[in-house]
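I opened the file today to look up a few side chains and their surroundings. My notes follow in the order of looking.

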Amino acid sequence: MGIIDVHVHHRWGGEEECPTAELERTKRLAQMSGISSILLLGAVLSIPPSPSPEQIQVSNSNTLRIMERDPDFFWGACYLNPAHSPAFIRSEARRCVEAGMLALKLWIAVKASDPRFDPVMEAAAELEVPVFIHAWYKTTGNLEQESNGADIAHLARRFPNVDIALLHLPGVKYRGVADVKDLPNVWVDTSGGQPEADIVEYAVRHLGADRLLYGSDAPGRHYGTQLGRVAGAAISAEDKEKILWRNALTLLKRERARVKPGATKEANA
């Protein structure tokens with residue numbers, strides 16, 4: 001089994017033609033680094049931080065279309081905005097997961113400690129998929145609705161039956177690891193930030209290798225740089241294997257996914 005990258009974005013956020021050349025480049029660069037599959041976490045940089053329901057539907061439908069091009073390589077997560085109505089969140093999550101998506105993805109529209117997250121978590125529990133959430137600790141101060149490790153921990157305690165992937169180990173660093181150390185339903189991906197010695201080793205010591213996932217945050221960051229953080233870590237070959245692909249298979253339950261013909265149509269089409 002090759003490496004699984006659980007944190008990649010595409011930039012197809014509108015009604016324009018599919019950016020075929022960019023997708024081919026994404027795949028080529030990933031495969032050059034030994035990556036066999038990537039999880040697409042939505043077009044977060046091509047639509048507003050708090051997108052409308054229509055923008056969410058278009059972005060997710062574009063992800064589904066990419067998945068159909070090569071379902072073994074391109075996997076997908078359903079991008080949601082907790083500020084939307086519970087009815088829309090439930091229907092959009094179901095549409096995406098029934099079409100083959102493997103997770104729900106949240107960015108910086110609403111903090112994870114906000115009660116508006118509840119419908120997202122309830123949908124995840126019902127559909128039996130994990131929730132991927134951006135998190136960071138910034139010395140200059142987080143954005144108004146940007147989650148940190150403590151926000152993720154608060155959510156995980158309220159929904160212990162839902163698996164959560166806290167995204168950006170180098171962003172939350174040692175404080176973030178401490179926040180979620182005693183929460184077995186929280187996994188942490190290694191994406192983001194600059195190369196930094198000992199951060200992966202620290203996470204393995206305090207969380208265990210079974211709760212870490214390799215992610216790059218491409219195309220904003222290079223596969224090779226982000227892979228080096230794991231490949232160069234002073235941990236066992238078995239632990240590296242877990243981080244680079246085994247844990248992703250466990251968390252994402254990939255074998256359950258089935259893409260249905262015609263599933264890329266918007267719910268209100």
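Entry 1, a cut-off. I call a residue buried when its relative accessible area is under 20%, exposed when over 50%, and partly exposed in between. I looked up Asp-114 with this in hand: its relative accessible area is 18%, so Asp-114 counts as buried. Its salt-bridge partner is Arg-116, with N and O 3.0 Å apart. Arg-116 has 37% relative accessibility and is therefore partly exposed.

The model is a predicted one. I noted a mean pLDDT of 92 for the chain, with 94% of its residues at 70 or more. Residues 258-269 have pLDDT below 50, and in the model this stretch has 28 contacts beyond near neighbours in sequence.

How many salt bridges does the count come to? I noted 12. One of them joins Arg-158 and Asp-118, with the closest N and O atoms 2.9 Å apart. Arg-158 belongs to helix 5 (residues 149-158) and Asp-118 to helix 4 (residues 118-127), so this pair ties together parts that are 40 residues apart in sequence. Arg-158 is partly exposed at 36%, while Asp-118 is buried at 18%.
I then looked up Lys-138 and Glu-146, whose closest N and O atoms are 3.1 Å apart in a salt bridge. Lys-138 is partly exposed, at 34% relative accessible area. Glu-146 has a value of 2%, so it is buried.

I found His-9 in the loop between strand 1 (3-8) and helix 1 (20-32). Is His-9 buried or exposed? Its relative accessible area is 10%, so I wrote it down as buried. A polar atom of the His-9 side chain lies 3.1 Å from the backbone oxygen of Gly-42. The His-9 side chain also makes a polar contact, at 3.4 Å, with the side chain of Asp-217. Setting aside residues within four places in sequence, the contacts of His-9 include Leu-40, Val-44, Lys-105 and Pro-219.

At 3% relative accessible area, Asn-62 is buried. Beyond its neighbours within four places in sequence, Asn-62 is in contact with His-10, Trp-12, Gly-13 and Gly-14.

I located Tyr-223 in helix 8 (residues 223-231). Its relative accessibility is 4%, so Tyr-223 counts as buried. Among the residues Tyr-223 touches, not counting those up to four places away in sequence, are Asp-5, Val-8, Leu-29, Ile-35 and Tyr-214. I also checked Gly-141, which is 82 residues from Tyr-223 along the chain; their C-alpha atoms are separated by 27 Å.

Which residues of the largest nonpolar core touch the most other members? In this core of 86 residues they are Leu-104, Val-131, Phe-132, Ile-133, Tyr-214 and Leu-252. I followed up Ile-133: leaving out residues up to four places away in sequence, Ile-133 touches, among others, Leu-106, Phe-117, Ile-152, Leu-155 and Leu-167. Another core, of seven residues, lies apart from the largest one and includes Ile-47, Ile-56, Tyr-79 and Trp-107.

Notes:
Residues numbered from 1 in each chain as written. Predicted model: local features only at pLDDT ≥ 70, side-chain atom pairs only at ≥ 80, totals over all residues. Heavy atoms only, no water. Buried < 20%, exposed > 50% of the residue type's maximum accessible area, 1.4 Å probe, protein only. Contact = heavy atoms within 4.5 Å. Core = buried A, V, L, I, M, F, W, Y, C linked by side-chain atoms within 4.5 Å. pLDDT = per-residue confidence, 0-100. Helix = DSSP H or I, 4+ residues; strand = E, 2+ residues; numbered from the N terminus. Polar contact = N/O pair within 3.5 Å; in protein donor to acceptor, adjacent residues only side chain to side chain. Salt bridge = Lys/Arg side-chain N within 4 Å of Asp/Glu carboxyl O.
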